[in-house]
Amino acid sequence: MADDGGADKGEYIGEEVAKAIDDGINAVFQLKEGENPPAALIYSKEKVISWSNQLLDYTNRNLSKLDKPFKYCVSCIIQQNNDSKFTVALGASFDTNTDGICSAQREINDIVIIISVFAMLI
C-alpha cells in the first residue's frame, strides 16, 4: 500500500478546496501570482454570467482533480464594489467529521467574487 503521508483519501481538507477556488479565479481573470490585475479589468454586468459560469467550471474541474470521494455544491456571487455593504453567511447541517464548507472572497479592482463550496462525503 502506498504511503499517502497520513492523509485519508476521504478526508476533507479545506486548504485544498481554497486552492482549487483560487486557481479557478486566477485562470478566469488571467491573473499571475504576485502581479497586480490589469487596470482595464473592471466590473461589467454583461460579463457576469460568463465569468460566473467559467468560475464554476474551473472550480469544479479543480475539485475533481483532488480525487476525493466528495460531492461538491459550488456557488458563485459576483458584485460590483461600489462601497455598498454586502454580508454573506453560510450555514449547513452536516457531519463535521467527514463534510466541510469553504468560502473564499476575492476583490479584483472593482469586482468582488465570492465562491462557496459545500463538500459532502459519498
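This is a predicted model: local features need pLDDT of at least 70, side-chain atom pairs count only at pLDDT 80 or more; totals for chains, interfaces and linings use all residues.
1. **Helix α1.** This helix covers residues 14–28. Its length checks out: at 1.5 Å a residue, its 15 residues should span 21 Å, and the end C-alpha atoms are 21 Å apart.

2. **The buried side of α1.** Seven names to look for: Val17, Ala20, Ile21, Gly24, Ile25, Asn26 and Val28 are the buried residues of this helix. An α-helix has 3.6 residues a turn, so residues three or four places apart point the same way. Keep that in mind when viewing Val17, Ala20, Ile21, Gly24, Ile25 and Val28, which are among the buried residues.

3. Gln30 follows the helix and has a positive phi, near 50 degrees. Most residues other than glycine have a negative phi. Gln30 is not a glycine, yet its phi is positive. The residue sits in the loop between α1 and α2. Gln30 is exposed, because its relative accessible area of 65% is over the 50% cut-off.

4. **Asn36.** This residue belongs to the loop between α1 and α2, the latter being 48–65. Is Asn36 buried or exposed? Asn36 is exposed: its relative accessible area is 73%, and the cut-off is over 50%.

5. **Asn36 and Asn109.** These two asparagines are 73 residues apart along the chain. Their C-alpha atoms are separated by 9.3 Å. Asn36 lies in the loop between α1 and α2, while Asn109 lies in the loop between β2 (100–108) and β3 (111–121).

6. **The backbone at Asn109.** Here too phi is positive, about 55 degrees, although Asn109 is not a glycine. Its relative accessibility is 36%, so Asn109 counts as partly exposed; that class runs between the 20% and 50% cut-offs.

7. **The largest pocket.** Its volume is about 180 Å³. The lining is made up of Gln79, Asn81, Ser84, Phe86, Thr87, Val88, Ser103, Ala104, Gln105, Glu107, Val112 and Ile114. By type, the lining has six polar residues, five nonpolar and one charged.

8. **Where the lining comes from.** Which element gives the largest share of the lining of the largest pocket? Strand β2 does, with four residues. Both β2 and β3 supply at least two lining residues each.

Notes:
Residues are numbered from 1 along each chain as its sequence is written. Side-chain values use heavy atoms; hydrogens and water are left out. Buried means under 20% relative accessible area, exposed over 50%, partly exposed in between (1.4 Å probe, protein chains only). On a 1 Å grid over the protein atoms alone, a cavity is a set of points where a 1.4 Å probe fits but cannot get out, and a pocket is an open set with protein on both sides within 12 Å along at least five of seven lines; lining residues have an atom within 4 Å of a point. Grid points are joined across faces, edges and corners, and a volume is the space filled by probe spheres set on the points. Ala, Val, Leu, Ile, Met, Phe, Trp, Tyr, Cys and Pro count as nonpolar, Asp, Glu, Lys and Arg as charged, and the others, Gly among them, as polar. The expected span of a helix is 1.5 Å times one less than its number of residues.
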